[in-house]
Amino acid sequence: MLHLDVSKTAGAVSAAEVQLLQGKAAEALRTLHAGNGKGSDFLGWLHLPTSISAADIADIKATAAKLSAGVEVVVVIGIGGSYLGAKAVIDALSHTFDALQDRSKRKSPLVLFAGQNIGEDYLFELMETLQGKSVSCIVISKSGTTTEPALAFRIIKNFMEQTYGKGEAKNRIVAVTDKARGALRTMADKEGYKTFVIPDDVGGRFSVLTPVGLLPIACAGIDVAALVQGAAEMEKCTGADVPFEKNLAAQYAAVRNALYAKGKKVEVLANFNPKLHFVAEWWKQLYGESEGKDGKGIFTASVDFTTDLHSLGQYVQDGERMLFETVLSVAKTKHQVTVPPDTENLDGLNFLAGKRVDEVNRMAELGTQLAHVDGGVPNIRIELPDLSERSLGELIYFFEKACGISGYMLGVNPFDQPGVEAYKKNMFALLEKPGYEKETAAIKARI
Ligand code: PA5
């Protein structure tokens, strides 16, 4: 199972200081499970892994099979929590160069994303890519009113109706949204799309184990049952009845809060496997949106090592000491590549001949850990046994659970995101959206 090592935070926080937070972490864990803390209407994710039924999984798999049959590209439309979880799992478990693979040799279609930005060039080039290809689409929005995915869906829907006709387009589109509210629900019902419901009590960034994440993940040919199984294992291992000494989620939450109290205001999630880049993006949203409020919260950042050792590595080693680092390490790679010998040895690398590339990477990881600890950056290490559905399921639930505990320890509501509205108000006023007439002049005057 996933392994957590906090021993290299000792230079910044003593065992006694973490011990002091042990009670607070246990209390936050109890509050989560009792459902009497802030934002307790949004605790549906807490028992999600153990409550997903075989019938739910079967429906997701059957729908994914239908969306994928004879299809080259599945376009998944969504933003924030309606995007990042699926993207993280698909990138972690798919071939790095999936887009370049011969599709005739692959069982699953290529999954591409839209609606996670308002990039005109992005959309143009996506639509250009879809021309002449067999396409299906999953549109995801819990509120059903978010501008970015709605805009992208308008364009994709138009393309699909023109390409396949309205009747066939509707068979190729699935909507994941609220059971009753929002423009997407209204449209899906009117158009007759197959739909999946995002439970009322599961917020966007905690929704990867609902159809929001599971349907796109299944389309990519990934075993969603094993993913949920891994999460269910972690649910059991981090329950209210599991004491602090054994409860990895409570320990991680306690240590990061102890570091925060010591002025470590930025947590850098570092990976040594580029497949985990989007796991970090998902994690940044999960913690950043959950904790960054009321003038408080650890700022979440991420780096891909060793790539970023040649850029941000300088800052981490030597810059302002307000950082701590959490390293995501994978014990076993999927593949093996061995360094070949070279008779001329012009690059001087013959000392590595016969060694696995992963051994070089691992020594880089251990060397970096020591260097950063010596440079005053406390280090938390999370080790996954491998990159598999099961391990990622464990990791997802571990981070979600620790996030709930950590948010309560910090004293915020980890399940809302009031700050996200500010840019929307200004954007709508600038775009002269009906209903924003009063704000428009004032906002324009300030630009
Ligand atoms: O975590 C959240 O709630 C947000 O990041 C949302 O997921 C994001 O804003 C997208 O919202 P929606 O699914 O309603 O379109």
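**Helix 8**

I began with helix 8 (residues 211-219). Nine of its nine residues are buried, so this helix is largely enclosed by the rest of the structure. I noted the cut-offs: buried is under 20% relative accessible area, exposed is over 50%, and partly exposed lies in between, with a 1.4 Å probe and protein chains only. Helices (H or I, at least four residues) and strands (E, at least two) are DSSP runs, numbered from the N terminus. The buried residues of helix 8 include Pro211, Leu214, Leu215, Pro216 and Cys219. After helix 8 I found glycine 221, with a positive phi near 85 degrees.

**What I am looking at**

This is a predicted model, in which local features need pLDDT of at least 70 and side-chain atom pairs count only at pLDDT 80 or more, while totals for chains, interfaces and linings use all residues. Residues are numbered from 1 along each chain as its sequence is written, and side-chain values use heavy atoms, with hydrogens and water left out.

**Strand 7 and its sheet**

Next I looked up strand 7 (residues 266-271). Six of its six residues are buried. Which residues point which way from strand 7? Val266, Val268 and Ala270 point one way, and Glu267, Leu269 and Asn271 the other way. In a regular strand the side chains alternate between the two faces of the sheet.

I then checked the partners of strand 7. Two strands pair if DSSP finds at least two bridges between them. Strand 7 runs parallel to strand 8 (residues 299-304), and six bridges join them. Strand 7 also runs parallel to strand 9 (residues 323-332), again with six bridges. I followed alanine 270 to both sides. Its bridge partner in strand 8 is valine 303, and its bridge partner in strand 9 is valine 327. Valine 268 has alanine 301 as its bridge partner in strand 8.

Strand 7, helix 11 (residues 277-291) and strand 8 make a right-handed β-α-β unit. Right-handed means that, with the strands pointing away from the viewer, the path from the first strand over the helix to the second runs clockwise.

**Strands 5 and 6**

Strand 5 (residues 173-177) and strand 6 (residues 194-197) run parallel, joined by four bridges. The bridge partner of valine 174 in strand 6 is lysine 194. The chain crosses from strand 5 through helix 7 (residues 183-191) to strand 6, and this β-α-β crossover is right-handed.

**Salt bridges**

How many salt bridges does a search of the whole structure find? I got 24. A salt bridge is a side-chain nitrogen of Lys or Arg within 4 Å of a carboxyl oxygen of Asp or Glu. I looked up three.

- Lysine 87 meets aspartate 91 at 3.3 Å, N to O. They are four residues apart in helix 4 (residues 84-93), about one helical turn. Lysine 87 is buried at 17%, and aspartate 91 is partly exposed at 27%.
- Lysine 166 meets glutamate 191 at 3.0 Å, N to O. Lysine 166 lies in helix 6 (residues 147-171) and glutamate 191 in helix 7, so the pair ties together parts 25 residues apart in sequence. Lysine 166 is partly exposed at 47%, whereas glutamate 191 is buried at 16%.
- Aspartate 200 meets arginine 181 at 3.6 Å, N to O. Aspartate 200 lies in the loop between strand 6 and helix 8, and arginine 181 in the loop between strand 5 and helix 7, so the pair ties together parts 19 residues apart in sequence. Aspartate 200 is partly exposed at 36%, and arginine 181 is exposed at 55%.

Shared partners join Lys157, Glu161, Lys166 and Glu191 into one network of salt bridges.

**Proline 378**

Last, I checked proline 378. It sits in the loop between helix 13 (357-374) and strand 10 (379-386). Buried or exposed? Proline 378 is buried, with a relative accessible area of 5%. Its C-alpha atom is separated by 8.7 Å from that of valine 13, 365 residues apart along the chain.
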